[in-house]
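Biologist: I have a few things to ask about this complex. Can we go through them one by one?

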Amino acid sequence: MRGAKSAKWVAGAAIIALAATACGGGDDDADKGKGSAKGAVNADGIFSVEVGEPQNPLQPANTMESNGSIVTDAIFSQLVDYDPSGKLEMINAESVDTKDSKLWTVKLKKDWKFHDGTPVTAESYIKAWNWAANIKNNQTNASWFGDIKGFTDVHPEDAKAKPKADAMSGLKKVDDYTFTIELNAPLPYFSYKLGYTVFSPLPESFYADPKAAGEKPVGNGAYKFVSWDHKKQIKVVRNDDYKGLDKAKNGGVIFKNYTTLETAYEDLKSGNVDVLRQIGPKDLPVYRSDLGDRAVDKPYSAIQTIAVAFYTDQFKGIDPKVLQGLSMGIDRATITKTVLQGTREPATGWVAQGVLGFQKDAAGDVTKYDPAKAKALIKEGGGVPGNKISIQFNADGGHKEWVEAVCNSITQSTGVKCATDSKADFQADTNARDAKEVKSLYRSGWVLDYPVNANFISDLFRTGAAGNQGDFTNKGLDAEIKKADSAASLDESVAAYQKIEKELVNYMPSIPLWYYKVNAGYSEKVQNVDYAQDGDPILTQIEVKK
Amino acid sequence: MGRYVARRLLQMIPVFLGTTLLIFLMVYTLPGDPVRGLFGDKGVDPATLARLRHEKGLDLPILQQYWNYMTGIVLHFDFGDQIASGRPVTDVLGDAFPVTLRLAGMAFVIEIVVGIGLGTIAGLRAGRLTDNVVLVFTLLIISIPVFVLGFIIKAVFAFQLGWIDPNVSNDAKWGELLAPAIVLGSLSLAYVARLTRTTMAENLRSDYMRTAIAKGLPKRRIVGVHLMRNSLIPVITFLGTDLGALMGGAVVTEGLFNVKGIGGTIYESIQKREGTTLVGLVTILVLVYLLMSLIVDLLYAVLDPRIRYA
């Protein structure tokens, strides 16, 4: 199995649109949709995928939402990629080695070319990363280069300050096809981060007019860019000179724009689009019977949680037992089965499935439904201040139903009053989170950036981490995270993080709810449709029938 | 007449400034920040955020932003760039407008032909069976919400009968736009029919009609020239403002049929707090409204020579 797509994260509204309303059956035969009837294949066949209009120009370091990254991932290849079990594989790199996890040596494969014919060299990487990290170029993903030595010289923390240098001192060219990366501190899983889109190389032609290059990207990936008809479609065709492992088994892809998931589903049924990334709530109860073998129901590496606003008077210095109690008062099994129609799987820990270091039942009893114990724990911990909580969510993301269900479940089992705190849309929701105005609890979620368990712990619960919007802080945990990050090898680091995950129960930085699943489908025209850890279809593998 | 037109054109200036300022202020007061939205769910890098805001001029006081934007439009015909994609707003509008114009045009034609047709038939036969059938039909259309009607049309003609594709493709061909145009035009169609019917029925009893009949004019001339010309004044007023509404108010219909027009763009711009895109769209819609009401007023003089513009 080749070609799981690079990890990347999805802007809230996209992933969350999955939640559902009515009741319905949910059989659990994951991986059913591998395409049962194999037909003759047209190797040059072109198929279409449902997407939305990319938010930003198609510059790799500027694309963080899912509509853009599915396209940039098709056009750009990075040094490494992951297989579906989360293991690293070399793509553009011959090797990525380190002795001390601090100084990394990258050797490139020598026969790679950009789509314009120029060779992919060490310079293509160094220059691209320095450009993307430079604050002058305003790339939204610039902070990803923060591990590299000299990052603050090109990206000062004060927005008004001028960058001190044009290049990061940590990047050094050895020869045309070798370069070294020096980090600020050891990071055993740094090589895993290199599979993220932001670490793509750029051709020389990019710098002449970066804005135009964002409209007409030239990459080094499995597909070549053809055209972008704004708000309608983006077309890419197979790159015949591609040297990577994930060579396309089809002629190309059309990324078709849809305004709603429902219209996309109608078009799938009438044969106007071939691959969907998700099914809208309205069609979830019927899609399995509509599509039969072509219905997809498969877990991917994302988790839904209820996060705690630790900066509020209510939860400042709260006894973790109270949060344990609230967690045990939630009947995850019933809610996922009824309200969410089997589109989620109850979580048993803080790290999602499909990443290195995932362990079952990491949270122990805390995620099991037990009203009696829940009540006892909350009492032991001194009770919920005010005996009343609220859960904030964005009303445009389809969260309302499950948030209400969770609230009811807590009230019924523990007697703690629970209200929903609805924000009109995603913008207003993030606004309240950034301004630290969340009143009590808020819905939160995390899709993997790279398939290592550190991504679900360090990036969420470390003091000051960007994903730590509830201001959770614990000195002991910070020290352990630091230790895990400086472990001698990747395996040791993963093991250290596994230990940390088991201890999270004593701190309860958030309440894990459930893991996400891909609920999607495809047309009769294509086969071999599978979905990667990030929930996106693996485009290169898809075969178009004759 | 010339002075009247000049005065109407001068009136456009305060209306234009007022509406754009209002929209600007409204978008500004919504919680949420368009640049923050670019970073999504996972937290931001404050330095990049601040720089992006500064570069787009979003850190200036709101009135100064408005001033900069308006001077850009007036002096350089520059509607600014979209915050997220960096595309010029004129490009965005240029993509969306032709589709909406076509859709609104079709809906408008359907509205006029069917609406006035039904209204005339009902008006001429006021109180008879045909009149009652039209009454029930229009009542039905007025009371069904647009999305329900759209859904029914899709369910019957696309899924049951398979006559049409459920959604409009990227080329937005005329044939594909027929179903959304019917849905979009249906509500106004009912109003047009009711308006025409009432004024027709009223005017039938007027003195000049009796005179025309007494003179022994052929029926076609009585109805076509004498009756229609007088009865259409309120209908034209309605139609004029309705064209503006068709262009701006197609959010539901466009979303339902996946039409990539103005309605969807407005919706998306509000969601993403894209003040500049929104103001650009609204400015053009305001111009459409003003122009249409000017044309309507001028048409009055044509239809009824008694109306004079001092």
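Biologist: How many helices and strands does chain B have?

Modeller: Chain B has 13 helices and 0 strands. Helices are DSSP runs of H or I of at least four residues, strands are runs of E of at least two, and both are numbered from the N terminus. This is a predicted model, where local features need pLDDT of at least 70, side-chain atom pairs count only at pLDDT 80 or more, and totals for chains, interfaces and linings use all residues. Residues are numbered from 1 along each chain as its sequence is written, chains are lettered from A and ligands numbered from 1 in the order in which they are written, and side-chain values use heavy atoms, with hydrogens and water left out.

Biologist: What is the mean pLDDT of chain B?

Modeller: The mean is 84, and 98% of the residues of chain B reach 70 or more. pLDDT is the predictor's confidence in each residue, from 0 to 100. For the complex, the predictor gives an ipTM of 0.80 and a pTM of 0.84.

Biologist: At what angle do α6(B) and α8(B) pack?

Modeller: About 145°, with the axes 8 Å apart. Axes are lines fitted to C-alpha atoms, for helices over the stretch in contact, and angles run from 0 to 180 degrees between N-to-C directions. Leu135(B) and Ile142(B) are among the contact residues of α6(B), and Leu189(B) and Tyr191(B) among those of α8(B). Contact means heavy atoms within 4.5 Å.

Biologist: New topic. Is Asp242(B) buried or exposed?

Modeller: Asp242(B) is buried. Buried means under 20% relative accessible area, exposed over 50%, partly exposed in between, with a 1.4 Å probe and protein chains only. Asp242(B) sits in helix α10 of chain B, residues 219-248.

Biologist: Over to chain A. Why is α8(A) described as largely enclosed?

Modeller: Because 7 of the 9 residues of this helix, residues 261-269, are buried. Tyr265(A) and Glu266(A) are among them.

Biologist: What do the buried residues of α8(A) pack against?

Modeller: In chain A, β1, α9 and β16; in chain B, α7 and α11. After α8(A) comes Gly271(A), with a positive phi near 80°.

Terms used
Lys and Arg count as positive and Asp and Glu as negative; His and the chain ends are not counted. A salt bridge is a side-chain nitrogen of Lys or Arg within 4 Å of a carboxyl oxygen of Asp or Glu.
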